[in-house]
Amino acid sequence: MKRSYLGEFEEIVLLTVAVLELQKQAYGVAITHEIIEQTGRSVRLNQIHAALDRLEDKGMVKSEMGEPTAERGGRRKRLFTVTAYGRRTLQDIQEVRVSFWSRLLNPLNSIGQRDWGMG
Amino acid sequence: MPKTPPKLADKLLRFFLADDRLEEVQGDLHEEYRWQVNRVGERRARWRYWRDVLGFMKPFAIKPRQVNNTQNYRRFANHSITTFPNPIMLRNYFSIAFRQLWKNPLFSSLNIVGLTVGLAVSTFIALYVWHEFHYDRFEPFANRTYRIVSASKYGENEVSFPQLHHSFGSEAKRQIPEVEELVRFSNGFGDVILQSDQNHRFKETNIGYADASIIPVMGLKFLYGDAKTALSEPGRIILTRQLAEKYFGNQNPVGKSLVFDKHFPLTVSGVLDDLPTNSVIQFNGLVSLASMPTLGDRQRHFYESAGFLSTFLVLRPDARVSDIEKKLVTVKAGIKFIDMSANYFLEALPTLHLDARGAQSDARQSLYILLTVALVILTLAVINYISLTTARATKRSREVGIRKAIGGQRSELIGQFFLESFLTTTLAFALSLALLQALFPWANQALNLQMDNRVLAQGPYWALMLGLWLICSLLAGGYPALLLSGFRPAVVLKGSTNWRQSGVGVRRVFTTVQFTASIGLLICSLVLYTQMRFLRTRNLGLNRSQVVALQIDNEMTPQFTGLRNAVRQWAGEGNVATTNTRLFSNAMTMFMKTEKTKKQLMVNAIEVDKPFFAMMGIQWKNRPQGWEKGPVTRELTVYNQTVLKEAGINGNPSQQPAPFKGQSTDGVVVDFHINSLHGAVSPMMLTVVSDTSRSILANGGYLLVRLNPQTNVPDALDQLKQLYDQAHPTAPFDYYFLDDAYNKLYAKEERLMRLFNGFTALTLLVACLGLLGLMTFSVEVRTKEIGVRKVLGASVTGIVVLLSKDFLKLVLLAILIASPIAWWAMNQWLQHFAYKIDMAWWIFALAGGLAVAIALLTISFQSIKAALMNPVKSLRSE
């Protein structure tokens, strides 16, 4: 399977975008707070922006400008959404993990199957 | 409570962050700041703010966003519009243009040859017309130099005389204070014999007379001699360079002696540079006017009694022409030879060539015709270029499509195609320039034009060329550039066939126009030819074939009888006649009033001897009494029928009063022509003199000798020369053939015919080049169609007809348009002749047939090739 490499931090940002885009909240500050809240890491705004930039370069998210709000001094947000490619990449990663986890939890299952098949 | 983040940090952010990120990043930072203020307090929030801002000092944030969505794409495109003279693109255009020229040698050469020939010819014509319109502008006082013309009434017609007696000019200058300078000029009376030594003795024409003032007024340029004194004293002569070289070689002839008219030595006082050809004042040599009375009886007689001098006045700048004209009427009272009824007019020097009274009124008209023809040829050449280029252009639609698809702007494409036509026209221009320089002398000679080489070195010529070049490039490039650059990339790249139709209608119109012009000119050429043949072969009432006219000098009267008898013996009694008139060139004209009808007639008066009538084959209406019985012993007066008709005499003229008072009527001859057939036969009075008469040679005469049709002409002339030389001649042997003289009467028409033949050939050539190009293209486009037709069983003939039909229709249409126009134009031209042909239907049929044949021949090559092509080949290529 061939797909572009996705770093661990990028994966988390991408997942966060996927979660927040439903409430149209997938923008810099919200993503940062969400990640801090969920992972407890100290993440800074510039790191999130850089990750989003890379993701957009890879074509996994796309963005458009949203409505201006008062707390931002009348400035617009850049709202991100996950592209179809981004979504598939997330699923691929998940599947790989699931398959490994299933083998880890039932080690005999997978090996036994193979042996029986040979025999 | 200040809720705004630190301003300095914001400034810093604005400074380094990419512009298109600022809004979102700053927004996020401000939102975060608010949140932090609520969570950790303002002071720590400010610290955090600073840390966050500095955190954005990363390469990704400094670079602008590079994301392909539509909004940003436009911004990107706007930034990347290339300024047109982009050196890299220019180089590309040039190389593409040269590749295009190189890749299609047939089309390129058709294009360039067509343009080159068209340009060269139309420039040549334009030059000639310019030359004709710019006569006499170069003289220092051209704008205030005038020629005096006297106009007198004879019956109903006013006749103007541009030549005046010498005293008129000098009196005018003496009596009218506004006259600053006077120039009297005559270009001489026929031939003059000049001699520098024994080996250099020639007959010369145009040895004129002039006042010394001609040198400053006409701005004559001297190679040798002093301009101030060259004509200031009697007995001086100045020569043109050509004449000086003929007599004295390359050495300086100033101070040398030249014998004028056998007896009168003159001193050469100067040599002139070649005279400008665009001047009405033309001469080969000039003798000071004051010396004229000392140059023999004939010159003295002329000087004293004839009006022979073109009289030019240089007026003061403030003088009014109409005032001077009035004053000139009073001047005439003081001098001899007055015509009390005469009026005087002043004609400005620059207008003399085209607009003088008594000049041919159609001079200007024929220049305009020439200019029109030049324009037509140029238009045809440009049209040719346009139609060939657009026909080719459809082949390049894919290139246009791709250029547009990868971001080429329309303006860039227009620039590119303009550049290509500029290249082609420039190439054609360079070639036509070379062609013109190379063929200029030849063309002048072939067309018998008096035009200077110097025209080629003048500013207006180069301005004309430059203007033509620009206009041609713009015109020729404009339509193809606009048409081509308008192709829609989606349509042309898809390979749809619609684009093939583009410009077809325009090209059809072009082809029709080209053929209309060439067929029209073809008809004109045919009419000209038929009329000329008619003039040459028409029975003149006098048999002019194989007649040599031998010129007899007036000083040869004593030897003449002996010479004539010798010639009679040599040629046969009935083959020799004498006359005092140079037939078919100029006959003496007298104004006479008829007795009965009181009409003023311009009568040609000629003197002849008795054998003249039989020898020249002139028919008698009423023979003089005793004509057959013996030689003429007294002078007989014979009229032609026209005189009798004008004088209202019917029946036997010898029993009625004579047509003119104080004259008898001894006989009447049937009308015959001694002038051109432009006019009807003029009234003629022939005086028949006896063999011993001397009056016939008073001003020189001509011995007419009819040669035997079987004679070898050069041998006969040699023998005649021997006879002449034995008679101790006072002048060199000089002769002309009546046939030649008659043909020379139509020199102008002959020239017109040659011009039209040339133009016709040229327009046909250009039209055929265009047709060939279009046909080649049409065959290329339809290769597959022809293949399919052949597979389905079409015959070769069928395909040739299919391909030719379209173009033949256009040619037929052209015939229909051209015929009435040409008929009208030629009908106008034929009105100049009293004797003219009818334009028969066959002329039009012949022209049409020729055009169709030529067109067919042109396209047959391509169409037959296409029809014979193996369909396997044409269908296989995809």
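Visitor: Across the interface of chain A and chain B, how many residue pairs are in polar contact?
Guide: This is a predicted model, and side-chain atom pairs count only at pLDDT 80 or more. With both residues held to pLDDT 80 or more, the number of residue pairs in polar contact across the interface of chain A and chain B is 14.

Visitor: Which element of chain A gives the largest share of the side that touches chain B?
Guide: The elements that give two or more residues to that side of chain A are helix 2 (28-39), helix 3 (45-58), strand 1 (61-69) and strand 2 (75-82). The largest share is 7 residues, and the element it comes from is helix 3 of chain A.

Visitor: What is the area buried between chain A and chain B?
Guide: The contact takes 21 residues from chain A and 24 residues from chain B. Carbon and sulfur atoms give 47% of the area buried between the two chains, and that area is about 2200 Å².

Visitor: Which three residues supply more of the area that chain A buries against chain B than any other three?
Guide: Together these three supply 25% of the area that chain A buries against chain B. They are A:N46, A:H49 and A:R75.

Visitor: Which residue of chain A forms a salt bridge with B:E31?
Guide: The count between chain A and chain B is 6 salt bridges. In the one formed by B:E31, the closest N and O atoms are 2.9 Å apart, and the partner is A:R72.

Visitor: Is B:K262 buried or exposed?
Guide: B:K262 sits in the loop between strand 10 (257-260) and strand 11 (264-272) of chain B. Its phi is near 75°, a positive value in a residue other than glycine. Buried means under 20% relative accessible area. B:K262 has 19%, so this residue is buried.

Visitor: Is B:H728 buried or exposed?
Guide: B:H728 is not a glycine, yet has a positive phi of about 50°. The residue lies in the loop between helix 23 (713-726) and strand 24 (735-737) of chain B. Exposed means over 50% relative accessible area. B:H728 has 63%, so this residue is exposed.

Visitor: Why does B:L875 count as partly exposed?
Guide: B:L875 is found in helix 29 (residues 871-876) of chain B. B:L875 counts as partly exposed because its relative accessibility is 35%.

Visitor: What accessible area does the nonpolar surface patch with B:L875 have together?
Guide: B:L875 forms this patch on the surface with B:V788, B:V791 and B:L792. Together the accessible area is about 380 Å².

Key
Residues numbered from 1 in each chain as written. Chains lettered and ligands numbered in written order. Predicted model: local features only at pLDDT ≥ 70, side-chain atom pairs only at ≥ 80, totals over all residues. Heavy atoms only, no water. Patch = residues over 30% accessible without salt bridge, like charges linked within 9 Å, V, L, I, M, F, W, Y side chains within 5 Å. Areas by Shrake-Rupley, 256 points an atom, 1.4 Å probe, with all protein chains shown as cover. Salt bridge = Lys/Arg side-chain N within 4 Å of Asp/Glu carboxyl O. Helix = DSSP H or I, 4+ residues; strand = E, 2+ residues; numbered from the N terminus. Buried < 20%, exposed > 50% of the residue type's maximum accessible area, 1.4 Å probe, protein only. Contact = heavy atoms within 4.5 Å. Buried area = accessible area lost by both parts, 1.4 Å probe. Polar contact = N/O pair within 3.5 Å; in protein donor to acceptor, adjacent residues only side chain to side chain.
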